[in-house]
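Hi there,

Here is the structure I promised to pass on to you. Have a look at it first, and then read on for what turned up.

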Amino acid sequence: MRKSHPVRRVVLATAATVSGVVLLLSLKPSSDPASAQAGGTIPQQTAAAQESAQGGTGAAAGGAVTGDVVQTQYGPVQVRITVSGNKIMKAEAVQAPKGGESDQKTALSVPKLNQDVVAKQSPQIDMVSGATYTSEGYKKSLQSAIDKANAAPAQPSAQPSQPAGGSAGAAAKTVTGAVSQTQYGPVQVRITVSGGKITNAEAVQAPKGGESDQKTALSIPKLNQEAVAAGSADIDSVSGATYTSEGYKKSLQSALDQAGG
């Protein structure tokens with residue numbers, strides 16, 4: 001029987017070792033930190049978190065959100081924002097300090113704060129000099145409104161077709177009626193319409209000063225509720241505030257006409 005040559009056995013062993021190493025290298029996963037980060041979801045989550053902090057992805061379909069009432073040294077402050085497409089389209093103070101010097105400070109500060117919110121898309125807005133308490137209350141209520149918008153469930157942007165007179169594809173529309181002059185001062189109404197219905201109504205102008213403050217405080221909240229409930233300008237006048245009620249209804253009708261009935 002022929003014996004294997006020693007040199008041949010060494011060559012065969014070396015060839016087997018090389019083959020094994022090549023096989024192991026071919027099975028090693030090809031991954032590197034850069035490619036893993038490029039395909040990860042962390043950057044997307046970070047971007048979403050930033051967007052939610054500003055406008056709130058939960059309110060992407062649009063709508064008005066009212067923040068909590070914040071009590072300040074000179075009176076309550078409450079902010080409402082209108083959100084559409086992850087952006088704050090409008091900000092307004094539905095409550096603000098009034099009476100005496102507070103009227104001047106409110107008239108000076110609130111319009112600036114409203115504009116600053118829309119411009120910066122954030123509660124990180126500048127304080128208005130001379131209206132520190134109002135500014136602080138505004139910012140706290142604004143943050144509350146943004147938190148509520150973020151917590152709201154996202155709704156699909158596509159909407160079913162609406163009957164004639166409706167505005168298909170528009171999730172929410174805010175319209176301000178014409179100013180109605182009354183014996184005690186101007187009245188002006190703003191409404192938010194969504195799906196062919198009034199979802200919010202408010203008086204952006206109302207009689208003030210002296211007894212008018214009490215009558216306005218008594219009548220406007222009731223008129224706002226009636227407008228939303230009735231969905232039209234056919235609402236009852238508030239006893240003791242006839243002129244304000246009549247002015248409110250006229251401005252409300254004007255807003256409805258602009259919104260398309």
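Helices here are DSSP runs of H or I with at least four residues, strands are runs of E with at least two, and both are numbered from the N terminus. Counted that way, the chain has seven helices and eight strands. Please keep in mind that this is a predicted model.

First, the overall picture. The chain has 261 residues, and 34% of them count as buried. Its accessible surface is about 15500 Å², with carbon and sulfur atoms making up 55% of that. Among contacts with a separation of 6 or more, 50% join residues 24 or more positions apart.

Next, the helix pairs. Helix α6 (residues 211-230) packs with helix α7 (residues 242-259) at an angle of about 35 degrees, and their axes are 11 Å apart. This crossing is right-handed. On the α6 side the contact is made by S219, I220, L223, N224 and A227, and on the α7 side by T244, S245, Y248 and L252. Sorted by type, the residues of that contact are five nonpolar, four polar and no charged.

Now to α4 (101-120). It packs with helix α5 (residues 132-151) at an angle of about 35 degrees, with the axes 11 Å apart, and the crossing of α4 and α5 is right-handed. Here S109, L113, N114 and V117 of α4 meet T134, S135, Y138 and L142 of α5. The contact of α4 with α5 divides into four nonpolar, four polar and no charged residues.

In soluble globular proteins, nonpolar side chains tend to be buried together. In this model the largest nonpolar core has 18 residues, and those with the most contacts inside it are I191, A201, L223, Y248, L252 and L256. At least two residues each come from β7 (185-194), β8 (197-205), α6 and α7, and α7 gives the largest share, five residues. Apart from this core lies another, of 17 residues, including V128, A131, I146 and A149.

Leaving aside neighbours within four places in sequence, I191 is in contact with K173, T174, V175, I198, N200, A201, L252, A255 and L256.

- S232 sits in the loop between α6 and α7. Its relative accessible area is 23%, so S232 is partly exposed. Not counting residues up to four places away in sequence, S232 touches I198, A227, L252 and L256. S232 and L256 are 24 residues apart in sequence, and their C-alpha atoms are 7.6 Å apart in space.

- Q121 lies in the loop between α4 and α5. Its phi is near 55 degrees, a positive value in a residue other than glycine. Is Q121 buried or exposed? Buried means under 20% relative accessible area, and Q121 counts as buried because its relative accessibility is 14%.

- G99 is in the loop between β4 (87-95) and α4. G99 counts as partly exposed because its relative accessibility is 30%.

How values were computed: Residues are numbered from 1 along each chain as its sequence is written. This is a predicted model: local features need pLDDT of at least 70, side-chain atom pairs count only at pLDDT 80 or more; totals for chains, interfaces and linings use all residues. Side-chain values use heavy atoms; hydrogens and water are left out. Buried means under 20% relative accessible area, exposed over 50%, partly exposed in between (1.4 Å probe, protein chains only). Contact means heavy atoms within 4.5 Å. Accessible areas come from the Shrake-Rupley method with a 1.4 Å probe; for residues, only the protein chains shown count as cover. Axes are lines fitted to C-alpha atoms, for helices over the stretch in contact, and angles run from 0 to 180 degrees between N-to-C directions. A crossing is left-handed if the near helix is turned anticlockwise from the far one by less than a right angle, and right-handed if clockwise. Ala, Val, Leu, Ile, Met, Phe, Trp, Tyr, Cys and Pro count as nonpolar, Asp, Glu, Lys and Arg as charged, and the others, Gly among them, as polar. A nonpolar core is a set of buried Ala, Val, Leu, Ile, Met, Phe, Trp, Tyr and Cys residues joined through side-chain atoms within 4.5 Å.
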